[in-house]
Amino acid sequence: MWPLYAAGFTTAFGAHGVAASLGGRTGDAVTSLLVLGGLLALYDGAEVVLKPLFGSLADRVGARPVLLGGLVAFAGASALYAVADSPGWLWAARLGQGAAASAFSPSASALVARLNPAAKRGRAFGGYGFYKSLGYTLGPLLGGVLVWAGGLRLLFAVLAVLGAAVAVWAGLAVPVVPPLPKARQTLLDLARRLADPVFLAPTAALATATAALSAGVGFLPVSGRAAGLGPVATGAAVAVLAGCAAVVQPRAGRALDEGRLTTRTGLAAGLTLTAAGLACAMLPGLTGILLAAVLTGAGTGLITPLGFAALAAHTPAERLGQTMGAAELGRELGDAGGPLLVAAVASLTTLTYGFGALAALTALAAAAALAHRRPPPS
């Protein structure tokens, strides 16, 4: 399991470490806000398009080869800019990183499910989510230090070494998990399965949690500046949000495995906490920001392992890669949609109402999760 946790850390660290550093000391690589926006969109855009495809490929040829190939490709794409040091190659490297992460991220999730019995999947996904959240938390910090010390090329060089090291580790430690035989599936069969509530309910919860987390990371600093707080205080608030999400995930997974928590109540509770956190973001001053960070982080940390464990429990083992890829697509859409919703409402009114709109949407999702009853796993 440890190489899979490391793979989760790698994709998160690579995504946020570079994204948070592109607007800083990057020389002539980023010459305008338009260029910055394009580079930021490349990584996520590749993931939106390719994750379902690589998830299906993992079901066909096995998740381990796709995992290893993605990690090797991530190392190669990172080394590309570290060696070439050209603005044009930066675009190619960032696109390559996103495409590679699209391969090894859903494959790692599928392997987490395949390598653990149903009774331990909550704990396994909790651990995977913890190290992924750790990557999101440390990425901007360590990435900034590396760029300060040696420029953007040094950060990409470290990512190349990290990807290669995790690939070697996974190749040595992750067992071969052969693909399972499966019945032929038509596009109509796929559409029916993805439209089933047992897929839609946890995926919607995961997307909503990611939307809230992304909006909190992006807009809580804006609220902090408006309240007269400095960059250290606002940065600490964002760290509290990510830290709470990381700490809660293993505990939530363990509670699910031990029967102290059900998926239905856990997802509803997580969404309720998240909605309360977004509502607290509407309050002025430091108190509102800290409450928002703690509650939103705890809520999203509760949702993530339970959502993935629910998907694994109600998915045929031979279709796990496809399901995880589709669920990751839902999370990517939430990652983009949350900030867009807050920004759209805020542009017409104020940021307070932007947080309020996302809080209301999350509260509706909580009510829907509480009303939904899951059938027993087949």
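Author: A salt bridge here is a side-chain nitrogen of Lys or Arg within 4 Å of a carboxyl oxygen of Asp or Glu. The model is predicted, and by this criterion the structure holds three salt bridges.

One of them brings together the side chains of Glu258 and Arg123, with 3.7 Å from N to O. This pair links distant parts of the chain, since Glu258 sits in the loop between α8 and α9 (263–280) while Arg123 belongs to helix α5, 135 residues apart. Glu258 is partly exposed, its relative accessible area being 44%, and Arg123 is likewise partly exposed, at a relative accessible area of 40%.

Arg123 also forms a salt bridge with Asp257, where the closest N and O atoms are 4.0 Å apart. Asp257 lies in helix α8 (residues 231–257) and Arg123 in helix α5, so this pair ties together parts that are 134 residues apart in sequence.

The remaining pair is that of Arg260 and Glu258, whose side chains meet in a salt bridge at 2.8 Å, N to O. Arg260 has a relative accessibility of 56% and therefore counts as exposed, the cut-off for that class being over 50%. Taken together, the salt bridges share partners, and they join Arg123, Asp257, Glu258 and Arg260 into one network.

Helix α5, to which Arg123 belongs, spans residues 121–173 and also meets helix α1 (residues 2–19): the axes of these two helices come within 4 Å and cross at roughly 35 degrees. The residues of this contact of α1 with α5 divide into 26 nonpolar, ten polar and two charged.

Another residue of helix α5 is Leu154, which counts as partly exposed at 32% relative accessibility. If residues up to four places away in sequence are left out of the count, Leu154 touches Leu146 and Ala149. Leu154 and Ala79, although 75 residues apart in sequence, are 9.8 Å apart in space, taken from C-alpha to C-alpha.

To return to the request, the part in question can be followed from Arg123 in helix α5 to Asp257 in helix α8, from Arg123 again to Glu258 in the loop between α8 and α9, and from Glu258 to Arg260.

Terms used
Residues numbered from 1 in each chain as written. Predicted model: local features only at pLDDT ≥ 70, side-chain atom pairs only at ≥ 80, totals over all residues. Heavy atoms only, no water. Axes fitted to C-alpha atoms, helices over the stretch in contact; angles between N-to-C directions. Nonpolar A, V, L, I, M, F, W, Y, C, P; charged D, E, K, R; others polar. Buried < 20%, exposed > 50% of the residue type's maximum accessible area, 1.4 Å probe, protein only. Contact = heavy atoms within 4.5 Å.
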